[in-house]
Every structure is written in structure tokens, then in C-alpha cells.
Amino acid sequence: MIRPFRARRTRTPAPGRRSPGTAALGAAAAAVSLALVLAGCAQESGSTSPDDVVGQGFVSGDGSVKTWDVSDRDEPVELTGTDYEGQAVDISQWRGDIVLINTWYAACAPCRAEAPDLVALANDRADDGVRLLGVNSVDDAGAALAFERTFEVPYPSIEDTRGEAVAQLEGFVPLQAVPTTVVLDREGRVAARVIGRAEGSVLDALVDDLLAESA
């Protein structure tokens, strides 16, 4: 059982945002790379039980954590899209809150395994100024909404089958796998990234660190 910890900080700068002139090419490249990652995850995962875990060959990663010191964080992330209820989402309106962005899709076993922890975080830390946002580049509305009902997900997810939201996010930090969780500080800058299934204790520790920064 993983105990809460203060994530070890590194000094490696977060990658910078892509220039506007390469936005269309970036979106296409992101969609292709994401499709390859998803294909690998689907081949390896087999079962979609919430009890499945990462670590047995999943392309989706091993839950490794990377953090950035305040002085190494890049400019604020700009991410927009439309959720599965048809509502516009623009995280620039969430400045001042800590934001966790999670990539997922319904048939991804580690995504299902981590869903209860993400839901608990969204419910338990809302009063601390913590928000969550999903990004789903695979599912149609039917599959995505069924997943959200099953796990009683209280936060929105961007419908991203064209890969545009992923391209926006990859302009700031490489995603590398599904699921990936990116944690933004109160200024909207990338402060941490978890590749693969995110444990609840790890996310709580990352959130606590960011709350302490702004205390």
C-alpha cells in the first residue's frame, strides 16, 4: 500500500508550448501517436475490470511521477473543448484553482481502476479549490457517459476524437500514455505528471504540496 508522500522534485524544465504555425500538424501527430498508445493498451489489457492494475506490460505506463519546481514551470496551460453534455470548457477560467487533467477512455483497464480515486479526489477536495477535467480521444458520447454513470463521475470530460485537446496539452507536457494525469498549480502551470494509473494517495500528496505552496 502506497503511503502519502511528498513527491520528489526534479529540476528538469517542462517542455514549452508549440508555435501557432505548427498547431494543425501537431494535432495530427498527436492523434497518430495517441492511437498507437491506445492500440497497445487495448492489446495488453484484456479485461476491463476495475481491479486490473498497471505493471503487466500495459503500454499505459507504471504510475511513475514527475514534478517540476516552481522556478522550472512554463507558462499557463491553455486547453479548451466541449464536454459530453455539449458544454464549452476553458480551463483559463479555472485560474486560482489546482487542476488535474486526466486522459482516459472507457475500455482502458487502468483508467477504470483509477476512476474511484479520481472521483473521491474531486468530491473530497472541491472545497480546497481542486478541479478535475477528463480528456477522452476514443469514445463516443454513449460509451463515455455510460462510464461516467458507472463511476458517478462529478467532473466534465472533453470529447476529443479529433485529437485537438491532446495536441493542446502536449504543447506543454508529453503525455506518452493513457491514462496520464497532469497536475496544474494555481497559475495554470504544469507542476506534476503521473504516467499510468494514478493512486489516490499520490494525487493527494501532490495536491497537498501545491496547497502548501500557496498557503
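In the predicted model, Asn 102 has Thr 181 of β7 as its bridge partner. Helices (H or I, at least four residues) and strands (E, at least two) are DSSP runs, numbered from the N terminus. Residues are numbered from 1 along each chain as its sequence is written. Because the model is predicted, local features need pLDDT of at least 70 and side-chain atom pairs count only at pLDDT 80 or more, whereas totals for chains, interfaces and linings use all residues; side-chain values use heavy atoms, with hydrogens and water left out.

Strands β4 and β7 pair in the antiparallel sense over four bridges, where pairing requires that DSSP finds at least two bridges between two strands. With β5, strand β4 pairs in the parallel sense over six bridges, and Ile 101 stands opposite Leu 133 of β5. The chain passes from β4 through α2 to β5 in a right-handed β-α-β crossover; with the strands pointing away from the viewer, the path from the first strand over the helix to the second then runs clockwise.

Six of the six residues of β4 are buried, so this strand is largely enclosed by the rest of the structure. Buried denotes under 20% relative accessible area, exposed over 50%, and partly exposed the range in between (1.4 Å probe, protein chains only). On one side of β4 the buried residues are Ile 98, Leu 100 and Asn 102, and on the other Val 99, Ile 101 and Thr 103.

A nonpolar core is a set of buried Ala, Val, Leu, Ile, Met, Phe, Trp, Tyr and Cys residues joined through side-chain atoms within 4.5 Å. The largest such core has 32 residues, and those with the most contacts inside it are Ile 98, Leu 100, Leu 132, Phe 147, Val 183 and Leu 203. Two or more residues are given to this core by each of β4 (98-103), α2 (109-124), β5 (130-136), α3, β8 (190-195) and α5 (200-213). Another core, of 20 residues, lies apart from it and includes Trp 68, Val 99, Val 173 and Leu 184. Beyond residues up to four places away in sequence, Val 183 touches several residues, among them Ile 98, Val 99, Leu 100 and Leu 206, contact meaning heavy atoms within 4.5 Å.

In the loop between α4 (164-170) and β7 (180-184) lies Pro 179, and the peptide bond from Val 178 to Pro 179 is cis, with omega near 0°. Gln 176 is found in the loop between α4 and β7, and its phi is near 70°, a positive value in a residue other than glycine.
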